[in-house]
Each structure stands twice: as structure tokens, then as C-alpha cells.
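Please consult the sequence and the structure shown below alongside the text.

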Amino acid sequence: MPIPQFIVDLRASIGSAPLWLIGVTAVVLRGEEVLLVERADNGIWAPVTGIVDPGEEPADAAVREVAEETGVVAVPERLAWVHATAPVIHANGDHAQYLDHVFAMRWVAGDPYPADDESTDARWSPLTALPDMPERMRTRISAALGGSGQTRFEWNGGS
């Protein structure tokens, strides 16, 4: 998995200690289908996810990640959900947690394929027949499909 250079530089100083990072999840829709990738690091099916580069707008990061990982051109239509993910330990031993921005996106052009080494497959999946995937990924897709048009966010009531 390619690791952004700014994270490589940080890791040189802090090792595998936990990092708080900004992430994006791009839920790209084409009619009644959603764009999914089979991740190379853990084999799960998921929408495209990625890390926001320093100074990059999250919506721009979502567009970039979709193009880099699948060759598809998509545009963001709305921010669907902002949430903190559970802490993760990546395959290389690095610890991280993400402030994830889930975008509902619209397909513009392109046929998906695994355009980089972050995925082993990329394809359209009918929303009514999603492959087996972690519930956290299904929740992101559901948030993007939410018909209210409002952004979902988590709040613990200040406690």
C-alpha cells in the first residue's frame, strides 16, 4: 500500500505510535449501483477510502482517491457523514484513527479497474446485492444513500 510521504516522514519521528488522520470515503453511485474495491491489504470489499493530504480539501481528496484507485471520474454531491473511526492497526504495525468524511458522489465517466496496488479488484455492485463486507462499510454506504440531504454526525451530548 502506498503511504503518503507526509506520513512516512511523521513515522520516521514517532514510529508506529497512534496518528490522528483525516480520511475520506467516496460512495460513488451510478444509478442503482455503487463503486466498490477489493482492498489489497485485507481483502474486504469497500467503497474507495483514503487519506487527505496536508492542505487538501476533503472533497478534492475523495475525487483524487477514486481516480487513483479505480480510474473512474466522479464528483461529490454532498457530505453525508462525519465520524471518528475506531482505532486501527495497519498490516505494517502502524496505529491510526481517522476523522472520516463520507461523500455521496456521482459517477461521471470511466469503467472501474484496480488502477493502483491498493486494490485487487474494482467493480460496480448493485445496491440490492452488495458483497460480504464489514458493517462499518455498509453504514457508510447507507449514510450516502440517506434521503434527507443532511449530513449525519456523531455527538455524545457533551458527556
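Contact here means heavy atoms within 4.5 Å. The structure is a predicted model, in which local features need pLDDT of at least 70 and side-chain atom pairs count only at pLDDT 80 or more, while totals for chains, interfaces and linings use all residues. Residues are numbered from 1 along each chain as its sequence is written, and side-chain values use heavy atoms, with hydrogens and water left out.

**Helix H2**

- Helices (H or I, at least four residues) and strands (E, at least two) are DSSP runs numbered from the N terminus.
- Helix H2 comprises 13 residues and spans 18 Å from its first C-alpha to its last, close to the expected 18 Å at 1.5 Å a residue; the expected span is 1.5 Å times one less than the number of residues.
- Pro58, Ala61, Ala62, Glu65, Val66, Glu69 and Thr70 are the buried residues of H2, where buried means under 20% relative accessible area, exposed over 50%, and partly exposed in between (1.4 Å probe, protein chains only).
- These residues lie on the same side of H2 because they cover an arc of only 135 degrees around the axis, the arc being that of the directions from the helix axis to the C-beta atoms.
- The cover over the buried residues of H2 includes strands E1 (19-30), E2 (33-39), E4 (48-51), E5 (73-84), E7 and E8 (119-126).
- Gly71 follows H2 and has a positive phi, near 75 degrees.

**Salt bridges**

- Nine salt bridges are found in a search of the whole structure, each being a side-chain nitrogen of Lys or Arg within 4 Å of a carboxyl oxygen of Asp or Glu.
- Within H2 (residues 58-70), Arg64 and Glu68 are four residues apart, about one turn of the helix; they form a salt bridge with their closest N and O atoms 3.2 Å apart.
- Glu68 is partly exposed, at a relative accessible area of 37%.
- Arg30 and Glu33 are joined by a salt bridge between their side chains (2.7 Å, N to O); Arg30 is partly exposed at 26% relative accessibility, and Glu33 is partly exposed at 24%.

- A salt bridge of 3.7 Å, N to O, joins the side chains of Asp100 and Arg140.
- This pair links distant parts of the chain, 40 residues apart, with Asp100 in strand E7 (residues 95-109) and Arg140 in helix H3 (residues 135-145).
- Asp100 is buried at 3% relative accessibility, and Arg140 is buried at 7%.
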